[in-house]
Every structure is written in C-alpha cells, then in structure tokens.
Amino acid sequence: MGSIRIRRQLILTAIILALNFIQITSLPNLSTTSQSGRFLAEKSTNVSDDTVRVDPLDSFKKYRGGYDITNKHYWASTAFTGIPGYAIAVLWLLCGLVYGGFLLVKRLCCNISRRKLKKRSPCHNQCYLQPLLFAVFLTILAITATGLVLGGNAKFHTRAKTVIDIIIDTADEASDTIYKTTGAMKEMSISLRDADGSSEATRFLTSTSLTLDSQAADIAKQASKNRRLIDKGFKIVYIITTLTISLTLVSVIALLVLGVLKFQRIVQILIGVCWILTALCWLFFGIYFFLQNFAGDTCTALRSFQKDPYNNSLSSILPCDELLSSKSVLNDISVGIYDLVNEVNVNISRSYGNIVQICNPFSPPPMHEYQPLNCPSTAIQIGDIPHVLRMLVCPDNGGEETCNGGILVSADYFNTVEAYSTSIQKILDVYPGMESLVECGTVSNAFDEIIQEHCGPLKRNVRMVWGSMVFLSVVMAALVVVWTISGARDENISRSLGGSSVKPHCSTSMTADHALESGTVKIAKDDSELSEQSLDK
C-alpha cells in the first residue's frame with residue numbers, strides 16, 4: 001500500500017507540473033489582441049508618464065497613451081519629435097531648388113545679357129583671401145564634426161546591439177527553460193509507462209510536452225526572426241549614416257582643394273552635392289533625436305517595470321500579472337514534493353531507523369522556498385536515491401541477477417522508485433527556471449542589467465550623435481553658402497573680362513593689358529593714315 005501511495009503522489013506531482021505549464025502557455029498573446037493598447041495613463045499614479053506628445057496621425061492632437069510599442073500612435077508621436085530636423089532638411093532642399101532654378105534661368109539668359117555687361121571694378125587680393133580663410137576654417141570644423149558623428153554613431157550602434165542581444169538572449173533562455181521542463185516530463189512519461197503502465201498519465205504528459213515544445217519552438221523562432229530584423233535595421237541605419245558622413249568628409253576636403261585651384265565647374269558640382277548632404281545631415285539629426293526620445297521612454301518603462309512588474313506600461317507585451325496567477329499552481333508543486341519527501345523520510349525512520357534521510361529541497365511551510373543546499377551533509381539528494389538503493393536493497397528479478405546481501409524488494413518497486421526519483425530530480429533541476437519564468441524574474445534580471453549598465457551610456461551616445469549632427473549641419477550650411485557666394489562672384493568677374501574660364505587678375509595686370517590694347521589700336525590707326533597718303537600721291 002505504501003508503494004501504491006507513493007506512486008500516486010508522484011503521478012499527481014507530474015500532473016500538477018503539466019497543468020502549471022499548460023496554464024502559462026495558454027495565456028492569450030496580448031500584443032496581438034484588441035487589448036494590446038493598454039495605456040500607461042490607466043495605470044497607477046506612481047508610474048510617471050512623460051510621453052505626452054503631438055500625434056500627426058490624430059489631427060496633431062496630444063498623445064497621452066504612454067509607452068506602448070504596439071500602438072502606431074505612440075510611434076507616430078515619438079517620431080514626430082524629430083520634426084525640427086525633418087523640417088529644416090525639407091526647407092534647405094527647397095532653397096536649393098529655388099537657387100538652382102535661378103542659376104538655370106540666369107544661364108539661359110546669359111548670351112543675351114553678356115553684350116550689355118559693363119566692366120566691373122577690378123578685384124584685389126583681399127577679396128579672395130578673406131573668403132578662402134573662412135572656407136578653410138569651416139572645413140576644419142566640418143572635419144571635426146564628422147569625426148564626432150562617426151565616433152558617436154559607432155558607440156551608439158554597439159551599445160544598442162548589446163541591449164538587443166540581452167533581450168533576445170532572455171527570450172532564448174525562456175525557451176531553453178521550457179525545453180528542459182518538457183524533457184523532464186517526457187522522461188517521467190516514459191518512467192510511468194515502463195514502471196506501472198499508467199497509460200492515461202503518460203498520454204497526458206506526452207501531449208503536454210509536445211504542446212510546450214511547440215511553444216518553445218515558437219519562442220525560439222520569433223526570437224531568431226526578431227534578432228535578424230533588428231540587426232538588419234540597425235546595420236542599415238549605421239551603414240547609411242556612416243556612408244553619408246564619410247562622403248561629406250570627402251566632399252568638403254575636395255571642395256576646399258578644387259576651390260583653391262579654381263576648378264569652377266567641378267566646384268559647382270561639389271556645391272550641389274554638399275547641398276544635398278547638408279539636407280541629409282539635418283534629416284539624420286531628426287532621426288537620432290527621435291531615437292533618443294525612444295531610448296529615454298524605454299529606460300523609463302524598464303524602471304517602472306522594476307518597481308512594479310505587475311502594473312506598468314509594459315504589461316501589454318509582458319503579462320507578468322497574468323503569469324502571477326500561475327504562482328499558486330507552482331506552489332502546489334513545491335508543497336507536493338515537500339510532503340512527499342517528508343512522508344518517505346517518516347517511512348524510512350519507522351521501518352529502518354534513522355540510517356538515512358532524503359534531502360528535502362523545499363523549506364518548511366508556509367514559504368516552501370526552493371533551497372536544495374539547505375540540507376544536512378548526511379542527507380541524500382533525490383537524484384542519488386537509485387545509487388543508494390543499489391547499495392542497500394536487492395531487487396527480486398526472478399533470479400536473473402545474483403544479489404549478495406541487502407534487503408530483498410520486488411523488481412517493479414525498485415524500478416518505479418528509481419524512475420521517479422530520477423524524474424523528480426530533473427524537475428528540481430529546472431524548478432528555479434520555472435519559478436523565474438512564472439515570476440518574470442528572468443525578464444526582470446535582464447532589465448536590471450540594461451538599466452544599470454546600458455541605459456545611461458546609450459542615451460549619452462545618441463545625444464552625442466544628434467548634437468554632433470546639428471553642429472555638422474550648421475557648419476555645412478555655412479560652408480555651402482560661402483562657396484556658393486565665392487563661385488558666383490568668380491563667375492561674374494570672369495564674364496566681365498570676356499570669358500567664363502578666364503581667371504581674375506589684379507588691377508596692375510588689367511592696367512597693363514588696357515595700355516597694350518590702346519597702343520595696338522594707335523599703331524593700326526597710324527598705318528592706315530600712311531596708306532591713304534600714298535594712294536593720294
């Protein structure tokens with residue numbers, strides 16, 4: 001009767017474990033339901049809400065829904081915070097188009113107006129030296145700004161990738177925990193079938209383990225898919241930003257060199273390229289400003305999660321309050337194993353004295369905390385029971401094996417105890433992971449690492465990127481204006497001297513050329529008068 005009772009309690013423990021994970025995995029996916037837009041404003045007042053922003057998708061009304069990455073209005077309102085950069089980029093491009101159209105009209109009318117141009121005042125060396133020095137100074141500032149942007153962008157990319165890896169690794173850890181649990185359940189199912197032919201329990205455990213395996217595989221698949229998508233997105237942003245800033249660096253240096261050498265046609269092309277690059281810099285400023293706000297919102301949400309995992313702005317995607325309801329079922333497992341080990345120890349004491357005791361991995365009621373190391377040194381771990389039994393008992397297997405001494409027990413009883421003790425030990429091995437999964441401890445630990453080690457540097461890095469981008473954009477705008485004015489002045493001077501490709505000369509050269517031209521005309525006139533006099537004679 002004692003063996004039958006122990007067997008029933010072991011089966012009951014297995015069924016309770018299976019029911020626990022069925023309850024966990026059967027929770028609705030709140031991120032895809034109509035309730036996914038659970039708002040922070042509906043939460044308790046101790047959670048701060050600093051996400052009141054203009055929502056362009058809602059007639060520019062204020063968005064007060066809090067941090068909710070499943071809500072398109074949150075993304076729209078957060079992305080709209082970068083509107084200063086977007087607006088300046090569009091305005092700068094429009095100015096470029098207007099100025100380009102002006103130059104086109106001017107060039108088309110050039111042939112008509114060239115004959116009417118009057119000679120302009122001769123230029124002096126001072127009119128070239130000052131713009132050149134200004135251009136050199138702005139070029140140095142632009143080179144410095146590009147270095148700051150590239151450095152900050154590299155740090156931000158590395159830090160953001162680390163944060164994403166932590167989150168994805170947490171999902172992988174949850175999937176591994178479920179796999180380990182289903183492995184223990186499968187072994188228990190096999191043990192039940194081989195030991196006493198409990199077909200109903202084995203079918204239940206087998207079907208449950210298959211369902212959990214499917215859930216774990218889905219978690220692993222989604223984690224792998226999200227890792228690829230996020231990595232791809234970050235790589236695209238990083239590569240485009242790096243290429244744009246690198247091209248900007250090359251363009252400003254080439255513009256300075258070719259501008260000094262007076263390659264006007266190439267300089268005009270480079271001015272157009274720099275104009276477009278300046279607009280892109282303003283656009284990137286808006287994007288990285290938006291990313292800073294998003295990073296700040298995320299860190300704030302993580303901190304609110306640490307304060308209250310069951311009532312915060314992340315509850316729409318991390319239903320810890322729902323998982324908390326499974327805590328009672330998990331507690332039933334600990335109570336069941338605690339009572340079972342105590343009963344076995346009592347039976348051992350009654351039948352054989354205190355020759356040996358089984359280590360009870362759980363603390364006494366009411367806490368029933370998992371404390372596998374809080375046992376006497378002489379106590380036997382549950383997983384070591386088969387090894388100890390082989391030293392103390394001799395299974396009656398019909399004479400197939402000889403047994404020297406020991407207590408004679410039936411082979412079925414020995415095999416059952418061996419199978420169940422091994423299976424329960426495997427369950428105990430994954431119990432900390434199960435407990436952490438139910439209590440959202442795995443997620444909380446990951447968030448704590450992100451908050452303590454990565455939130456501050458992440459926000460500093462992205463702030464450095466958009467701040468350097470503003471600096472670079474302003475310098476580039478000034479540099480483009482300087483070279484545009486200088487190029488227009490050089491072209492006007494060249495036209496006034498009779499050709500667009502003639503380089504400007506100082507006043508002394510122009511005076512000498514004028515004197516030479518006057519002397520040539522006078523000699524030609526004297527020759528003409530001599531010819532007329534010869535004909536008269």
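Cysteine 359 counts as buried, at 2% relative accessibility. This is a predicted model, and a search of the whole structure finds two disulfides in it. A disulfide is a covalent bond between the sulfur atoms of two cysteines.

**The link of cysteine 359 and cysteine 375**

- Cysteine 359 forms a disulfide with cysteine 375, and their sulfur atoms are 1.9 Å apart.
- Both cysteine 359 and cysteine 375 lie in the loop between α9 (327-352) and α10 (385-392), so the pair ties together parts that are 16 residues apart in sequence.
- The link of cysteine 359 and cysteine 375 is right-handed, with 70° about the S-S bond.
- Cysteine 375 has 22% relative accessibility and counts as partly exposed, whereas cysteine 359 is buried.

**The link of cysteine 299 and cysteine 455**

- A disulfide also joins cysteine 299 to cysteine 455, with an S to S distance of 2.0 Å.
- The link of cysteine 299 and cysteine 455 is left-handed, with -105° about the S-S bond.
- Cysteine 299 and cysteine 455 are both buried.

**Cysteine 274 and cysteine 281**

- For cysteine 274, the closest cysteine sulfur is that of cysteine 281, at 9.6 Å, which is too far for a bond.
- The cut-off for a disulfide is a pair of cysteine sulfur atoms within 2.5 Å.
- Cysteine 274 is buried, with a relative accessible area of 0%.
- Cysteine 281 is buried as well, and its relative accessible area is 0%.

**Arginine 53**

- Arginine 53 is placed in strand β1 (residues 53-55).
- With 11% relative accessibility, arginine 53 counts as buried, because buried means under 20% relative accessible area.
- The side chain of arginine 53 makes a polar contact with the side chain of aspartate 297, at 2.8 Å.
- Not counting residues up to four places away in sequence, arginine 53 touches several residues, among them Lys61, Lys62, Tyr63, Tyr74, Asn293 and Asp297.
- Ser77, Thr78 and Thr81 are also touched by arginine 53.

Key
Residues numbered from 1 in each chain as written. Predicted model: local features only at pLDDT ≥ 70, side-chain atom pairs only at ≥ 80, totals over all residues. Heavy atoms only, no water. Buried < 20%, exposed > 50% of the residue type's maximum accessible area, 1.4 Å probe, protein only. Helix = DSSP H or I, 4+ residues; strand = E, 2+ residues; numbered from the N terminus. Polar contact = N/O pair within 3.5 Å; in protein donor to acceptor, adjacent residues only side chain to side chain. Contact = heavy atoms within 4.5 Å.
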